[in-house]
Amino acid sequence: MMHIADILLCFGGFQQDTSAISPEDLSSNRNFILDLSKFSESQRRVLKGDHIGPLPSPTFVLHFGRNMFDPKGWVFGSSDEDGCDFQITADNSSGVSREHILIDIDPKWLRPRITVCSERNAIQFKDDAKKDHLKYITVYPREQQILPDFATLSIGPVSFSVWIPRLENQDDLNRFRKHLNKFSKDVLDAVPRNPDTGNDTPFMRHANNRDVYLQENCIAGGASGSVYKVRNTATGAVCAAKIPHFSASDTDSQVRARYEVLAEEFRKMANLEHPNIIKVITLIPGDNKVPPWLVEEYISHNLTQVRLEYEDRPRALLDIASGLAYIHGQRITHRDLSPTNILVEMESGQFDGKFLRAKLGDFGISTRKIADMSTFTGTFSYMAPEVWAAAGTYSMSVDVFAFGVIMVELLTSGDCGKVLRGLGKGLPTQEEFQLGFDDLRAQIEQVPAPFKELLKGATEKTPDQRWTASECREWLARYISGPKKRPASQQLGPPGRQPDAPALRQLRKSSPCSIADTEPLPTSPFRADFPDSVADSAIEHEAEEEEEEEEEEEEEKSDQETVLGDETVGAVAEDVGQPRKRGQGGSLSLRQAPVGATRVIKSRKQ
């Protein structure tokens, strides 16, 4: 006999084209039908949960341990084969994929969760439990979403209700929790493993490809885990392994939650092929005795730990912009771009060696969404204003803002984000953030004239006016391919401030980056006049030698003032469609970001 605590989720009330076969008429679905006559009135109230109105007839249920082909969860789709547990439609002609969604249990929140398995078709659901305002949520291919207590699910032309029973009896709750833990254990037991896993120790692990890795010293540590240097015992190759914190008393659900975090990061990074993205090598599952390992390529230093020559800094920024533009093209938002997550290859592995390449790493809180995000997450000093907003959503443009802050840090002697860093783990007030963002804009005034446009575009307060990663990449590529000899005001050099640069306190009152500002920012000319290709700037180099001679004559006339016209910037000035004006020279320096910057992950209340 079915016990009420053995039910994870109820669903029913299907609505679709009248000519289509109803799900209750498909023989494969009959085992999901619940016989309500076997339940008392009080039990029916528990089953109803937050469902509004009478229970539909028939009512279907997901029963722990039943009607599952795969222990990972229940698959809904249009196929009548074993891979699909519940048939929404008789075939896929209506837009329902053969295996469209997976419903399982989130191991962290211990609630039903939906995953879109379809490669092309998103789904939408309406949160019916919130009577004061209806909220529609779209879940895109390969994304996951925790189900609310009562919702209407729309998959192609079919819609139906789903709701969670509300258990009240303590014995029922204890029985339900045991089901949750067993579900996670069954999922972990189904994960493919190396047959030699039984010989694993906390310091030696066997990968599924038969490689054996030996743990060496700890490279870095954080709130959720540590990164260790590991060595392949067969090849001697040095790698890095992300290892979450572990406790022998953890439940199976906690063990599974740790594994899923690394597994999702591995899945996202395994398909990324780019010279400026860290490469992942393998994922080694854990169990109740040892934690999982995510093995990836080893680079000894991050951006805070190296000494870059002035002429190498634009190249490093171009690498970062290239990697960022690539992941955005793959519909991935990093959400935690900071100097500590940018790894830098230096010649001979020395912090002051010759710069080779910069790569993006740590995709742990990245997402396959590029818009409509609302989770409060990131490192304080690099979070865009829209992330701090009390309500609303943000897009992948938050990565560009973080990149803009990094560029300011790398190209000025200022201390951007000082207020935010000084607060440690506490949430700063709006006034404190206003001062921090105003200081950020003030520091941009210290950079050589050509870079101001780039930095202001990347740190625009309004996301719609902010430059994209691709635009930043193209600007840097043109700058690097431009004239090798530049006027003093355009050269990178030792730390210093332009003689006429406004003081920070003066700029705080008028900075367009302040959260409190209400006036709209001027539209960047770069976004309207950006050329289609870096090659568009090639014609600007034809008269380069004559232009340089003119510039030298101008510099001899005045040590303080330099005429910045179309002829002095080469490709950079005219490609952006904005002639330069007279200005004072400036210089740049590297300021390392703090290793202890705070990173947070927090879900907003919807």
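Which residues does L360 touch, not counting residues up to four places away in sequence? In this predicted model, L360 touches N276, I277, I278, I320, G323, L324, I327, L337, N341 and I342, contact meaning heavy atoms within 4.5 Å. Residues are numbered from 1 along each chain as its sequence is written. Local features need pLDDT of at least 70 and side-chain atom pairs count only at pLDDT 80 or more, whereas totals for chains, interfaces and linings use all residues; side-chain values use heavy atoms, with hydrogens and water left out.

L360 is also, with I327, F403 and L454, among the residues with the most contacts inside the largest nonpolar core, which has 71 residues. Such a core is a set of buried Ala, Val, Leu, Ile, Met, Phe, Trp, Tyr and Cys residues joined through side-chain atoms within 4.5 Å (buried, under 20% relative accessible area; exposed, over 50%; partly exposed, in between; 1.4 Å probe, protein chains only). Helix 6 (residues 397-411) gives the most to this core, with 11 residues; helices are DSSP runs of H or I, at least four residues, and strands runs of E, at least two, numbered from the N terminus. Because domain 2 (204-297) and domain 3 (301-481) both contribute residues, the core lies between them, the bounds coming from an automatic or database domain assignment.

Two residues other than glycine have a positive phi: L110, at about 55 degrees, and R210, at about 80 degrees. L110 is found in the loop between strand 6 (101-105) and strand 7 (112-116) and is partly exposed at 38% relative accessibility. R210, in the loop between strand 13 (204-206) and strand 14 (212-221), is exposed at 55%.
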